[in-house]
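Take a look at the model below. This report walks through a few of its features, one topic at a time.

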Amino acid sequence: MNRLINLALLLGIGAAIIASFSYLGIDLGELAGSGNLKQMVAYAQRFLSPDLSAAHLQAIGRGALETIAMSALGTLLAAVFGLLLALPAAGRFGWPLKSAARLLLNALRAVPELVWAALMVLAAGLGPNAGTLALALHTTGVLGRLFAEALENTPPEPAEAIRLQGGNALWAFCYGTLPNLLPQLLAYILYRWENNIRMASVLGFVGAGGLGQMLYVSLSLFQEAQASTVILAMLLLVLAVDSLSSWSRQRWVKA
Amino acid sequence: MLTRDSRDPAARPRLLLSLLAIALLWPGIHFSELDLGVLLAGDSQSEIGHFVSAFWPPAHGEEFIQLLVQATLQTLAIATAGMALALLLAVPASLLASRALSLSAASRAGRPSPWGQLLRWPVRGVLIFLRSVPEIVWALLFVRAVGLGPTAGVLAIAITYSGMLGKVYAEIFESVDQRPAHALLQAGSGRLAAFAYGILPNVAAELLSYTVYRWECAIRASVVMGFVGAGGLGQQMDLSLRMFASGEVASLLLTFLMLVLLADQLSRLLRWRLA
């Protein structure tokens, strides 16, 4: 019986794959046909001679700095607002505020960064400002939820001890709860920053600044040489962030 | 007698670190042209206010619902077809890149010979390249090469996900007990047979759950890729945003959320059933 159900599931998956190819009308044979393939190869060849002139490299450097600045400030804003929302979301101020804050965090998190960026371009105009705001909004949802969970899991005793000694609520939070929480918060913030650097480099496709916007513009103008340099810069950025984060994780985060 | 000391011993290093961080981030404000004021300024506030206030009711005209269903089906089909193509590439690549099937490793206590390592590197390099370029960049490139529409999305997912799946599969093969496969190889079996009887039984569950998880990611990715013209819900959302049709945007967003929730449930069911 169990076998039959599994077999039916596998058949269903196979049918779904065939159905999707036929629904989309993709003919792989035609796609790999000689005329089409020749065109693709010719298109790819135009990317093989990246434009390495000094002026273009300078523009790319500026774009990369813009990308990093967008991700850093977006993450920082998200950390501040995330912490502010995490306090009610962890149930510190009663249940009505708790469910309201959770709803807000879920809504912020559910919309992808790129959609936020498209909305922010409408609200704030083209440029990196829109990208920063979009990253901040989405990341606030993610960090707020992670912070709220961390807050709920910290031991309450140190803060209670300070309260019993006569310290007010703010001091109890700063000196009783925060020291326990801080390493975890920092780890979450750095992890999201890493994600956001990668995201910030493509937000420009909807006009939100950074390397993505350069790539979009140069591809729209059919300047494949310039575009391929931008892609190389993106690759370098991603690889640098990856190796930096894995190195720092091995160095500082002890399992 | 003890006196009350209100000094915070950690205050000075904290202050210095904060000042350093601010000094490092200050040029960032200039580069990112950060201006929170735009959200509160008069004209843009009224503009975004109009846009958001028209979110309710979400568009539900018959024609639009038909469009919505088509776009949703297209998104699902892009993710499924892309994953199928990615698997076609990823499975052979992972077999080539994995150290688990190395003949020299079987007789050298699990360490392949330098030659074997050298020959595996090109495959690994290709996989790293495929997955390091974000999928939306591939989508943008393919839209230029094969035209607007779902084909570009399918190819972009196939390329990026074959890189990810190939790498992770190869690592999963290496992570299980290597002794059964080594025993088979040393007894003279072919590599494929050693893989099928020595490694596959141990890794099948993990491979499956990772593949299903990636399918779920592919659905989210195919929505986002629509913004550069690769079909599906994203393309419709881009169009509606450009026409300031906020009711349509609202129902598209709701559909997207429902799709993600459904995919989550379905992948949980598949993992529970097959793993």
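## A helix pair inside chain B

Which hand does the crossing of H7(B) and H9(B) have? The crossing is right-handed. This model is predicted, so keep that in mind throughout.

The axes of H7(B) and H9(B) lie 10 Å apart, and the angle between them is about 155°. Angles over 145 degrees count as roughly antiparallel. That is why H7(B) is described as roughly antiparallel to H9(B).

Now look at the residues that meet. On the H7(B) side they include Gly153(B), Ala156(B), Tyr161(B) and Phe173(B). On the H9(B) side they include Ile199(B), Glu206(B), Arg214(B) and Met225(B). Sorted by class, this contact has 16 nonpolar, 2 polar and 2 charged residues.

## Where the chains meet

Next, the two chains. On chain B, 42 residues are in contact with chain A, and 42 residues of chain A are in contact with chain B. Several helices of chain B give two or more residues to this side, among them H1 (11-31), H2 (42-53), H7 (150-175) and H9 (191-225). Which helix gives the largest share of the side of chain B that touches chain A? The answer is H3(B), with 7 residues.

What about the classes? The side of chain B that touches chain A holds 29 nonpolar, 7 polar and 6 charged residues.

## One helix from each chain

The crossing of H1(A) and H3(B) is left-handed.

Which residues make this contact? From H1(A) come Ala16(A), Ile17(A), Ser20(A), Phe21(A), Tyr23(A) and Leu24(A). From H3(B) come Leu73(B), Gln74(B), Ala77(B), Ile78(B), Thr80(B), Ala81(B) and Ala84(B). By class, the residues of this contact are 10 nonpolar, 3 polar and no charged.

## Domains of chain A

Chain A is assigned two stretches: domain 1 spans 2-45, and domain 2 spans 54-252. How many Å separate their centres? Taken over C-alpha atoms, the centres of domain 1 and domain 2 of chain A are 37 Å apart.

Most residues other than glycine have a negative phi. Two residues of chain B are worth checking against that.

Glu33(B) sits in the loop between H1 and H2 of chain B. Its phi is positive, at about 50°, although Glu33(B) is not a glycine. Glu33(B) counts as partly exposed because it has 18 C-beta neighbours inside 10 Å.

Phe244(B) belongs to the loop between H10 and H11 of chain B. Its phi is near 55°, again a positive value in a residue other than glycine. With 13 other C-beta atoms within 10 Å, Phe244(B) is partly exposed.

Find His50(B) in helix H2 of chain B. Is His50(B) buried or exposed? Count the other C-beta atoms within 10 Å of His50(B): there are 11. A residue with 12 or fewer counts as exposed. So His50(B) is exposed.

Now compare sequence and space. His50(B) and Ser246(B) are 196 residues apart in sequence. In space, their C-alpha atoms are 9.0 Å apart.

Terms used
Residues numbered from 1 in each chain as written. Chains lettered and ligands numbered in written order. Predicted model: local features only at pLDDT ≥ 70, side-chain atom pairs only at ≥ 80, totals over all residues. Domains from an automatic or database assignment. Left-handed = near helix turned anticlockwise from the far one by under 90°. Helix = DSSP H or I, 4+ residues; strand = E, 2+ residues; numbered from the N terminus. Contact = placed C-beta atoms within 7 Å. Nonpolar A, V, L, I, M, F, W, Y, C, P; charged D, E, K, R; others polar. Buried ≥ 20, exposed ≤ 12 C-beta atoms within 10 Å, placed from the backbone. Axes fitted to C-alpha atoms, helices over the stretch in contact; angles between N-to-C directions. Parallel < 35°, antiparallel > 145°, perpendicular 65-115°, else oblique.
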